[in-house]
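Hi everyone, thanks for coming.

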Amino acid sequence: MSATNTPSTDVASSNGDSAQAEVLLRVTGLTKHFPIRKGIIARTVGQVQAVSDVSFDVHRGETLGLVGESGSGKTTTGRVVLRLDTATAGSVEFDGLDIHELGSGELRKTRPRMQMIFQDPHASLNPRMTVASIIGEPLREHTDMSSTERDARIDELLDLVGLHPAHANRYPHEFSGGQRQRIGIARAIALNPEFIVCDEPIAALDVSIQAQVVNLLEKLQDELGLTYLFISHDLSMVRHMADRVAVMYLGKIVELAPVNELYSDPKHPYTSALLSAVPVPDPVVESIRKRVLLEGDVPSPANPPSGCRFRTRCARAEQKCAIDEPEWREIEPEHWVACHFPN
């Protein structure tokens, strides 16, 4: 993806109209490679290209869905955006500030505005800390609240995410998976952030609980004016949550469009294949619709194919696909794709 061709700042609203929206987060040419080391002296023998030249915007108040198979680079993108991992190349501008150029002091001041909800609530909560300590930790680190004010804020946050304030002195193991994720959400919103990376926040939860957590995230977005980067492999849930959707494959974004347009008229063959695997709740339609089956496995990110990275699994690939990397281009208003032969 070309770093110079960043999707524009027009965002499709829920009623289908296009409105000018403020860009809160601008990612340009983002690249993250992890070294492969071998031997006693840990000599670098290669690189895992987890994210390669990714560019996108997130508008204030919207939810941008980021989807793709496991290993496509979704979580790494979210972590690098928040500078939990350092970028190999590229820039991440949050409200005009380049996150990867900030010094430690400036970064600390910016941290409260950007938060993350992690995938596994069992692993992301310290089992030795009470709920009050977990939620209160960012308040202790980033505010000068008194203990009384902090306790009141913790009770307010627990109530906001649907938990009883009387449970503040319990430990994480005393809660169900859905309740633990609510604790993680309360911790994420404790400092009134503007932007939250939701890293597959429902993947580790029972199906019966997933809808409750998603409804909570939508409620908090409406009440607090939050902006989400919603990472998931659940295409049905992304369709429900997102305003726009970006599709990743092997470290690159291959398609980005408003949610309704992408689901009704996908342009990239990989997007078409993903959507064909989503069940349709109509037995008649489900019985006659055609599935797109991908052959082979996802190539190694340590040795990605030349040209188009999807070509080894694409039914319409030609010689050009092996030689030239597809240009990231806008083929319809607000619909971006990286493919030599889009639908």
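The count of salt bridges comes to 17, and please keep in mind that this is a predicted model. Let me pick out a few of them.

Start with E22, which pairs with R60; their closest N and O atoms are 3.0 Å apart.

Now please turn to K267. The side chain of K267 meets that of D265 in a salt bridge, at 2.8 Å from N to O. K267 also forms a salt bridge with E332, at 3.2 Å. E332 sits in strand β13 and K267 in the loop between α9 and α10, so the pair with E332 ties together parts that are 65 residues apart in sequence. Is K267 buried or exposed? With 7% relative accessibility, K267 counts as buried, because the cut-off for that word is under 20%. Its two partners are described otherwise: D265 is partly exposed at 30%, and E332 is partly exposed at 29%.

Back to E22 and R60 for a moment. Salt bridges that share partners join E22, R60, D95, R113 and E194 into one network.

The largest cavity has a volume of about 120 Å³. Of the 13 residues that line it, K252, V254, R309, P326 and A338 lie nearest its centre. Which strand gives the most to this lining? That is β12, residues 252–258, with 3 residues. By type, the lining of the largest cavity divides into 8 nonpolar, 2 polar and 3 charged residues.

The second largest cavity holds about 60 Å³ of space, and the residues lining it include C308, C314, C321 and C339. That lining has 7 nonpolar, 1 polar and 2 charged residues.

Finally, the largest pocket, with about 400 Å³ of space. Its lining is made up of 14 residues, and Q115, M116, F118, P138 and R187 are nearest the centre. β8, α4 and α6 each give two or more residues to this lining, and α4 gives the most, with 4. The pocket lining splits into 8 nonpolar, 2 polar and 4 charged residues.

Notes: Residues are numbered from 1 along each chain as its sequence is written. This is a predicted model: local features need pLDDT of at least 70, side-chain atom pairs count only at pLDDT 80 or more; totals for chains, interfaces and linings use all residues. Side-chain values use heavy atoms; hydrogens and water are left out. On a 1 Å grid over the protein atoms alone, a cavity is a set of points where a 1.4 Å probe fits but cannot get out, and a pocket is an open set with protein on both sides within 12 Å along at least five of seven lines; lining residues have an atom within 4 Å of a point. Grid points are joined across faces, edges and corners, and a volume is the space filled by probe spheres set on the points. Ala, Val, Leu, Ile, Met, Phe, Trp, Tyr, Cys and Pro count as nonpolar, Asp, Glu, Lys and Arg as charged, and the others, Gly among them, as polar. A salt bridge is a side-chain nitrogen of Lys or Arg within 4 Å of a carboxyl oxygen of Asp or Glu. Buried means under 20% relative accessible area, exposed over 50%, partly exposed in between (1.4 Å probe, protein chains only).
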